[in-house]
Amino acid sequence: MNLRYRLVGTALFVGAALFSGRQAAAQCGCGCPSYQIVNKVVYDQVPVTTYRLEYETIMEDQQVTTLRPEWTEEIRERRYTVAKPVTETATREERYIVRRPVYETEYREEAYDRVSYVTETEMRQQKYLVQRPVVETQMREQQYTVQRAVQETVMQQQAYTAYQPVTSYQTQLVDQGQYVTAYQPVTGRSHCCLRCIPGQCAVNPATGQSTYYRGGLRWVQQPAPTYMQPTSVYMPNIVQQQVATTSYQPITMTQQVPVTVNRLVDEVVTQQVPVSVQRMETTEETRDVQVSYQKPVTERIVNKVPVQTCRWEEQEQVRQVPY
């Protein structure tokens with residue numbers, strides 16, 4: 001196909017050249033061929049090689065060196081220092097102060113006044129009032145109240161009791177629990193195993209003294225493992241429920257009722273009544289009265305009272321205290 005395109009392009013180029021040469025020969029007039037270069041654009045299809053990347057996974061066997069730890073056992077000698085207690089008894093001098101009571105007696109004067117009464121008698125003139133009755137007759141106006149019956153009809157409120165239903169709610173506790181699976185820790189059987197125990201000081205239970213024990217392999221009580229065992233446990237669930245209760249409550253109601261009422265009307269009546277009036281007339285009289293009275297006599301008395309006082313004397317003492 002590329003060859004065909006090239007042949008067509010060449011034929012067009014040659015034809016154009018011949019046509020142009022003829023035109024030039026016709027123009028020249030001498031009969032000699034002349035040529036002219038004409039530029040033409042010719043497209044050729046040329047194969048081009050390009051490259052693209054393709055990825056491919058290739059497995060290769062390679063030798064890898066790994067290290068693993070290997071434990072070996074050996075015996076080493078270790079030196080250590082042990083401090084052993086040495087008990088010594090020494091005595092120190094301790095000084096302390098002792099306070100001792102010292103009692104002293106002193107005399108104090110106490111004076112007070114003693115009052116005594118002396119009875120004396122004398123005659124005194126006493127004036128007194130005497131009331132004597134005097135009777136007189138007087139006319140007085142006396143008023144008294146007379147009640148007359150009057151009948152009336154009035155509306156009176158009368159109370160009666162009616163019963164009304166009342167609904168109340170009470171709280172009731174209901175258990176709606178269920179069985180659930182719970183896990184309980186269970187301890188298995190303990191066993192003894194050999195362990196390396198370092199040297200240490202321990203108390204001998206037989207003698208009660210502290211003894212040093214060398215380190216080494218000994219049988220040690222190994223605690224038992226603990227595992228969880230499932231058990232069925234009832235789990236309560238208290239739920240509050242409202243329970244409706246209907247009861248009849250008494251209610252006091254009132255109504256208007258016509259009632260015939262008999263009432264008494266007060267009426268005041270006045271009349272003249274003779275009254276005997278007794279009045280008292282006061283008269284002053286004199287009489288001799290024997291009067292006894294007590295006269296106070298003051299006497300000064302002085303007493304000596306023993307008073308005991310206590311004071312503390314400090315005394316320094318020395319004692320030997322062993323430690």
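Modeller: The lining of the largest pocket divides into 7 nonpolar, 3 polar and 4 charged residues. This is a predicted model, so every value here is computed from it. The lining has 14 residues in total. Nearest the pocket's centre lie R76, R78, C196, G215 and G216. Two elements each give two or more residues to this lining: β3 (191–197) and β6 (216–222). The space inside the largest pocket comes to about 460 Å³.

Now take C196, one of the residues nearest the centre of the pocket. C196 is exposed, because its relative accessible area is 64% and exposed means over 50%. Another cysteine, C310, has a relative accessibility of 38%. C310 is therefore partly exposed, since that label covers values between 20% and 50%. What about disulfides? A disulfide is a covalent bond between the sulfur atoms of two cysteines. The count of disulfides in this model is 0.

P101 sits in strand β1, which runs over residues 91–175. P101 is partly exposed, with a relative accessible area of 40%. Look next at E314. P101 and E314 are 213 residues apart along the chain. Their C-alpha atoms are separated by 9.1 Å.

The contacts of the protein can be counted by separation too.

Next come β4 and β5. Strand β4 covers residues 200–203, and strand β5 covers residues 210–213. The two pair in the antiparallel sense, over 4 bridges. Together β4 and β5 form a hairpin, with 6 residues between them. In the turn, G208 has a positive phi of about 80°.

Last, the whole chain. The protein has 1 helix and 8 strands. From the N terminus on, the order is α-β-β-β-β-β-β-β-β. The protein has 323 residues, and 2% of them count as buried.

Note on methods. Residues are numbered from 1 along each chain as its sequence is written. This is a predicted model: local features need pLDDT of at least 70, side-chain atom pairs count only at pLDDT 80 or more; totals for chains, interfaces and linings use all residues. Side-chain values use heavy atoms; hydrogens and water are left out. A disulfide is a pair of cysteine sulfur atoms within 2.5 Å. Buried means under 20% relative accessible area, exposed over 50%, partly exposed in between (1.4 Å probe, protein chains only). On a 1 Å grid over the protein atoms alone, a cavity is a set of points where a 1.4 Å probe fits but cannot get out, and a pocket is an open set with protein on both sides within 12 Å along at least five of seven lines; lining residues have an atom within 4 Å of a point. Grid points are joined across faces, edges and corners, and a volume is the space filled by probe spheres set on the points. Ala, Val, Leu, Ile, Met, Phe, Trp, Tyr, Cys and Pro count as nonpolar, Asp, Glu, Lys and Arg as charged, and the others, Gly among them, as polar. Two strands pair if DSSP finds at least two bridges between them.
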